[in-house]
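Open the model in your viewer and keep the sequence panel beside it. The stops below say what to select and what is there.

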Amino acid sequence: MPGRTAGAATESRRGAHVRLLRKVGVAVAGTALIVAGVAMLVLPGPGIVAILAGLGLLGTEFPTARRVSTSVNRHARAAWHRVRGGASRLGRKG
């Protein structure tokens, strides 16, 4: 029995290290995507898409980022529907 608890403790520590490494990796990659997206707002490239992707990636590990991502996506969808609705109405008039 003593060997089992030592093995379980080692496995638990290993799992904790993997979770921490994953969280750090997600934080670095998500932040890099957001920074690249902000740069692409003034440079050529899909800046808003990169920012949303970074928020989505951060949202896999951080609840606050998930709430921000959900809110931003909701606003973006509403704006898109307003734009698409206005474009289709303009097409019907002409």
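Start by colouring by pLDDT, the predictor's confidence in each residue, from 0 to 100. The protein averages a pLDDT of 83, and 81% of the residues score at least 70. This is a predicted model, in which local features need pLDDT of at least 70, side-chain atom pairs count only at pLDDT 80 or more, and totals for chains, interfaces and linings use all residues. Residues are numbered from 1 along each chain as its sequence is written, and side-chain values use heavy atoms, with hydrogens and water left out.

Switch to cartoon. The protein has 3 helices and 0 strands, in the order α-α-α along the sequence. Helices (H or I, at least four residues) and strands (E, at least two) are DSSP runs, numbered from the N terminus. Confidence is highest in H2, at a mean of 90, and lowest in H3, at 79. Where pLDDT is low, the predicted coordinates should not be read in detail.

Next, select glutamate 61. Where does glutamate 61 lie? Look in the loop between helix H2 (47-59) and helix H3 (63-93). Show its side chain and that of arginine 22: a polar contact of 2.5 Å joins the two. (A polar contact is a pair of N or O atoms within 3.5 Å; within protein, one must be able to donate a hydrogen and the other to accept it, and residues adjacent in sequence count only if both atoms are side-chain atoms.) Setting aside residues up to four places away in sequence, glutamate 61 touches Arg22, Lys23, Val26 and Arg66. Contact means heavy atoms within 4.5 Å.

Now go to alanine 27, in helix H1 (residues 2-42). Beyond neighbours within four places in sequence, alanine 27 is in contact with Leu58 and Phe62.

Valine 42 counts as exposed, because its relative accessibility is 73%.

Finally, zoom out. Of the 94 residues, 13% count as buried. Among contacts between residues at least 6 apart in sequence, 35% join residues at least 24 apart.

Technical notes
Buried means under 20% relative accessible area, exposed over 50%, partly exposed in between (1.4 Å probe, protein chains only).
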